[in-house]
Amino acid sequence: MAKQWTVAATEALKADGLQIAELDTSARPGFTGDKEAGLELLVERSQVLSELQEKLYANGRSGDKRSVLLVLQGMDTAGKGGIVRHVIGSVDPQGVDHTAFGVPTREELRHHYLWRIRKALPRGGQLGVFDRSHYEDVLVVRVHNLVPPTEWEPRYDEINAFERELVDEGTTLVKIAMFVSLDEQKKRLAERLERPDKYWKFNPADIDERAHWPAYQQAYQAMLDRTCTEYAPWYVLPADRKWFSRLAVTELLIDALERLELDWPAAQFDVEEQKRRLARA
């Protein structure tokens with residue numbers, strides 16, 4: 001276990017029985033260090049993550065079909081983009097399949113809601129990253145009544161079956177629900193309006209969505225209660241502290257990759273012979 005963690009992130013952040021209404025979004029579950037210690041540790045652990053991800057990629061190049069899929073779900077400004085930039089940005093981009101899911105296109109709406117998700121699944125040896133995901137279809141769809149309850153209610157069981165299929169086919173899922181407080185979200189939205197370099201990240205609709213906060217909390221609670229399974233558990237991440245979010249996600253990914261027990265693939269050629277050939281070249 002990394003220093004400063006009194007409890008492994010996989011244990012400290014597990015969603016089992018957690019009530020979102022009681023969540024302290026500024027907490028650092030399982031971690032005793034301050035920001036300075038967290039940032040220092042993040043540098044160290046990012047190197048570990050990078051090597052593990054390179055092993056995954058190398059094995060994929062050698063025919064290994066296993067993959068890891070990081071699912072990031074959270075309200076606007078929860079820090080999903082920061083995770084992609086600062087955590088996933090520390091690994092080899094060749095081994096990353098990243099997809100940010102937005103409002104479905106006309107073509108996507110003509111298909112089953114999982115159609116676009118299946119198209120974006122990581123290939124063997126890849127670290128897949130979903131910025132938002134199939135869970136939008138039991139979150140925003142539910143909150144805004146985009147389809148009747150008779151349509152979105154069965155999706156919880158359907159998603160569980162879908163994820164069971166993925167796991168059986170060799171994908172390790174790391175599902176992270178990120179939560180910020182209303183005050184912290186307001187602060188982050190205000191920052192985007194004060195900085196020209198952040199204008200591109202601001203969406204006026206984000207302010208409108210704040211009025212639906214209680215409904216979103218209920219939808220997220222149902223999501224956790226109905227789709228946190230033994231084979232694809234949810235981790236709940238208090239996300240008011242960006243440095244802690246990034247450190248925690250790094251730890252969760254390290255755990256997932258370590259459980260694959262990866263090693264460097266063996267050479268598919270006679271190493272000594274190639275050394276002799278190179279010496280003569």
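Residues are numbered from 1 along each chain as its sequence is written, and side-chain values use heavy atoms, with hydrogens and water left out. Because the model is predicted, local features need pLDDT of at least 70 and side-chain atom pairs count only at pLDDT 80 or more, while totals for chains, interfaces and linings use all residues.

Helices (H or I, at least four residues) and strands (E, at least two) are DSSP runs, numbered from the N terminus. Strand E3 covers residues 127-131, and five of these five residues are buried, so the strand is largely enclosed by the rest of the structure. Here buried means under 20% relative accessible area, exposed means over 50%, and partly exposed lies in between (1.4 Å probe, protein chains only). In a regular strand the side chains alternate between the two faces of the sheet. On one side of E3 the buried residues are Leu127, Val129 and Asp131, and on the other they are Gly128 and Phe130.

Strands are taken to pair if DSSP finds at least two bridges between them. E3 pairs in the parallel sense with strand E1 (residues 67-74) over five bridges, and Leu127 is the bridge partner of Val68. Strand E2 (residues 96-100) also runs parallel to E3 and is joined to it by five bridges, with Thr99 opposite Phe130.

Two residues other than glycine have positive phi values. Thr77, with phi of about 75°, lies in the loop between E1 and helix H3 (80-86) and is buried, with a relative accessible area of 8%. Glu261, with phi near 50°, lies in the loop between helix H12 (242-258) and helix H13 (271-280). Glu261 is exposed, at a relative accessible area of 71%.

Helix H12 also contains Leu252, which is buried at a relative accessible area of 3%. The C-alpha atoms of Leu252 and Leu49 are separated by 9.8 Å, although these residues are 203 residues apart along the chain.

On the surface, Arg85, Lys187, Lys201 and Lys242 gather in a patch of positive charge. Patches of charge are made of residues with over 30% relative accessible area and no salt bridge, with like charges joined within 9 Å; a salt bridge is a side-chain nitrogen of Lys or Arg within 4 Å of a carboxyl oxygen of Asp or Glu.

Methods:
Patch = residues over 30% accessible without salt bridge, like charges linked within 9 Å, V, L, I, M, F, W, Y side chains within 5 Å. Areas by Shrake-Rupley, 256 points an atom, 1.4 Å probe, with all protein chains shown as cover. Lys, Arg positive; Asp, Glu negative; His and termini not counted. Charge placed at Lys NZ, Arg CZ, Asp CG, Glu CD.
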